[in-house]
Amino acid sequence: LTVSTLLLLTAFGSGVILHLPKHYNIDNERGDTCVDYEKGTECCKVINVPMIKQHPKACINVTLEAGSNMTIYLTWDSVVVLQGNLIDFDKEVCAHAPIPFIGKYAELCVHFTDVKQVHNRQKGCAFLDIKLIKPIAEVKLGCFDFKV
């Protein structure tokens, strides 16, 4: 672990010192699962970043709705933090992180890679970026492959 920055934030009236690591790239850690459904996929991963002590479970659900709309849901320990229709797979979508004391400074951003439609299948991979002023972790939530 290399500490690149020491940041002093004031949260709820008390000083909280946070050590910001350079950047974690988390892949194939414990607790990841993807389940493909007929018209969607849900992928979950336990977030194991040293500065987030509770090791929450993050899940992304990508579903094909009526009218060819793609809907995503991002949950953080079973709390929906992001939901809506996905229009452009090339743009990340972000929400504030429900992390005690630092949540208003932290963002959870989802971005997708390798998204393509092959015959009657929608394929791609979902990543979660955890940002605290700058990106501190990138988590591969998983890849989807479902019928369209």
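Is cysteine 109 buried or exposed, and at what relative accessibility? In this predicted model, cysteine 109 has a relative accessibility of 0% and therefore counts as buried. Cysteine 94 is partly exposed, because its relative accessible area is 31%, and the limit for a buried residue is under 20%. The torsion about the S-S bond of cysteine 94 and cysteine 109 is 110 degrees, and the link is right-handed. The bond connects distant parts of the chain, with cysteine 94 in strand S9 (residues 93–96) and cysteine 109 in strand S10 (residues 106–118), 15 residues apart.

The model contains four disulfides. A disulfide is a covalent bond between the sulfur atoms of two cysteines. When the bonded cysteines of the chain are numbered in sequence order, the pairing reads 1-2, 3-4, 5-6, 7-8.

Another of the disulfides is formed by cysteine 44 and cysteine 59, with a distance of 2.0 Å between the sulfur atoms. The torsion about the S-S bond of this pair is about 115 degrees, so the disulfide is right-handed. Cysteine 44 belongs to strand S5 (residues 40–46) and cysteine 59 to strand S6 (residues 57–64), so the bond ties together parts that are 15 residues apart in sequence. Cysteine 44 and cysteine 59 are both buried.

A disulfide is also found between cysteine 125 and cysteine 143, whose sulfur atoms are 2.0 Å apart. The link of cysteine 125 and cysteine 143 is right-handed, with 90 degrees about the S-S bond. Distant parts of the chain are linked here as well: cysteine 125 is in strand S11 (residues 121–132) and cysteine 143 is in strand S12 (residues 134–147), 18 residues apart. Cysteine 125 has a relative accessibility of 10% and so counts as buried. Cysteine 143 is partly exposed, because its relative accessible area is 30%, and a buried residue would have a value under 20%.

Strands S5 and S6, which carry cysteine 44 and cysteine 59, belong to an open sheet of five strands. The order of the strands in this sheet is S4-S5-S6-S7-S8, and the pairing is antiparallel. Strand S4 (33–37) and strand S8 (79–86) stand at the edges; each has a single partner strand, so one side of each is left without a neighbour in the sheet. On average, and with direction ignored, neighbouring strands of this sheet are turned by 10 degrees against each other.

At the S8 edge, strand S7 (residues 70–76) pairs with S8 in the antiparallel sense over seven bridges. Within this part of the sheet, tyrosine 73 stands opposite glutamine 83 in S8. S7 and S8 form a hairpin with two residues between them. Aspartate 77, in the turn of the hairpin, has a positive phi of about 50 degrees.

The aromatic residues were examined next. A pair of aromatic rings is described by the distance of the centres and the angle of the planes. The structure holds four aromatic pairs. In one of them, the ring centres of phenylalanine 89 and phenylalanine 112 are 5.2 Å apart and the planes stand at 85 degrees, so the pair is edge-to-face. This pair links distant parts of the chain, with phenylalanine 89 in the loop between S8 and S9 and phenylalanine 112 in strand S10, 23 residues apart. Both phenylalanine 89 and phenylalanine 112 are buried.

Phenylalanine 112 also pairs with phenylalanine 144; the ring centres are 6.1 Å apart and the planes are at 75 degrees, so this pair is edge-to-face. Phenylalanine 112 lies in strand S10 and phenylalanine 144 in strand S12, so the contact ties together parts that are 32 residues apart in sequence. Phenylalanine 144 is buried, as is phenylalanine 112. Together, Phe89, Phe112, Phe144 and Phe146 form one aromatic cluster.

Definitions and conventions
Residues are numbered from 1 along each chain as its sequence is written. This is a predicted model: local features need pLDDT of at least 70, side-chain atom pairs count only at pLDDT 80 or more; totals for chains, interfaces and linings use all residues. Side-chain values use heavy atoms; hydrogens and water are left out. A disulfide is a pair of cysteine sulfur atoms within 2.5 Å. Helices (H or I, at least four residues) and strands (E, at least two) are DSSP runs, numbered from the N terminus. Buried means under 20% relative accessible area, exposed over 50%, partly exposed in between (1.4 Å probe, protein chains only). Two strands pair if DSSP finds at least two bridges between them. Axes are lines fitted to C-alpha atoms, for helices over the stretch in contact, and angles run from 0 to 180 degrees between N-to-C directions. Rings of Phe, Tyr and Trp (its six-membered ring) pair if their centres lie within 6.5 Å; planes under 30 degrees apart count as stacked, over 60 as edge-to-face and the rest as tilted.
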